[in-house]
Amino acid sequence: MNLFLELLLFLATLLYSYLEAFVKLFVPVRRKSLGGELVLITGAGHGVGRATALEFAKHQSRLVLWDINKHGVEETAAECQTLGATVQTFVVDCSKREEIYSAADKVKKDIGDVTILVNNVGVITAADFLSTQDHQIERMFEVNILGHMWTTRAFLPVMMNNNYGHIVTVASAAGHFVTPFMVAYCSSKFAAVGFHKALTEELSALGKNGIKTTCLCPVFINTGFVKNPSTRLGKILEIEEVVQALMEGIVTNQKMVFVPSNQSIALLLERVFPERALNLLKKMSEVKFDAVIGQRSAQ
């Protein structure tokens, strides 16, 4: 096909896509059932991970919960069991590849094939770049991106064989927008968003369209991980509203879930506004949180 015909095909596809999107505004989105799915959630002992587990329990999913904190993950399991869910727990340090692979082997051997993987685990250190310790930088990358890769590599082969499954990446707005005093964290979350996008593209190229992917990107959540966050524009999110948006994204197979949804507009503005205007807008938003500043790391 020559370039002119390809351009015509592109324009026709573009027009069709806009018409399709317009029609979908008035047609209910098809929602998939989560009942009976074997769902593995990392970082399930608290916060978004715990709330996500409870939502899957309400949908009669079978649950496998991982967390480094034994007490926390068992508390989550107990709450899910009161909702009638079947739950198995594992104490796993997701910064360690060997622990991930070992636990994954036990899951596959003793429980079954994971059909929905929720890569939720994450850590954060709020500090200026030079005050951030080397080991803190390493851990953020080990947990926030490498841990996601190892768990996905562990459970993806069966999904590929069956051409069925769903991989969820819990990232952050910090994977799209930079924030001072979170250089390493933002970098790890940019990597997580990139991992999601690249994996999605690769699965499509391989013809594995039965494997769905979703990436969650919320702004600050009231979980206690970041101390005293505030902003003049928008609000600090509650866990429940973030998880509701995530679950909606999963059952409707959304590839990218922004919370709040107007982040997609902010992304567009970042591409079209001149730098001077963007800098003023950032000052107006006045994002604040407690961070270690000026305590130079001795490595």
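Buried means under 20% relative accessible area, exposed over 50% and partly exposed in between, with a 1.4 Å probe and protein chains only. This is a predicted model in which local features need pLDDT of at least 70 and side-chain atom pairs count only at pLDDT 80 or more, while totals for chains, interfaces and linings use all residues. Residues are numbered from 1 along each chain as its sequence is written, and side-chain values use heavy atoms, with hydrogens and water left out.

View A. Strands (E, at least two residues) and helices (H or I, at least four) are DSSP runs, numbered from the N terminus. In strand E1 (residues 38-42), 5 of the 5 residues are buried, so E1 is largely enclosed by the rest of the structure. Leu38, Leu40 and Thr42 cover one side and Val39 and Ile41 the other, all of them buried. E1 pairs with strand E2 (residues 62-67) in the parallel sense over 5 bridges, pairing being assigned if DSSP finds at least two bridges between two strands. Threonine 42 stands opposite tryptophan 66 in E2.

**View B. Histidine 196 in helix H6.** Histidine 196 lies in helix H6 (residues 183-205) and counts as buried because its relative accessibility is 4%. Not counting residues up to four places away in sequence, histidine 196 touches Thr169, Thr213, Thr214, Cys215, Lys255 and Met256, where contact means heavy atoms within 4.5 Å.
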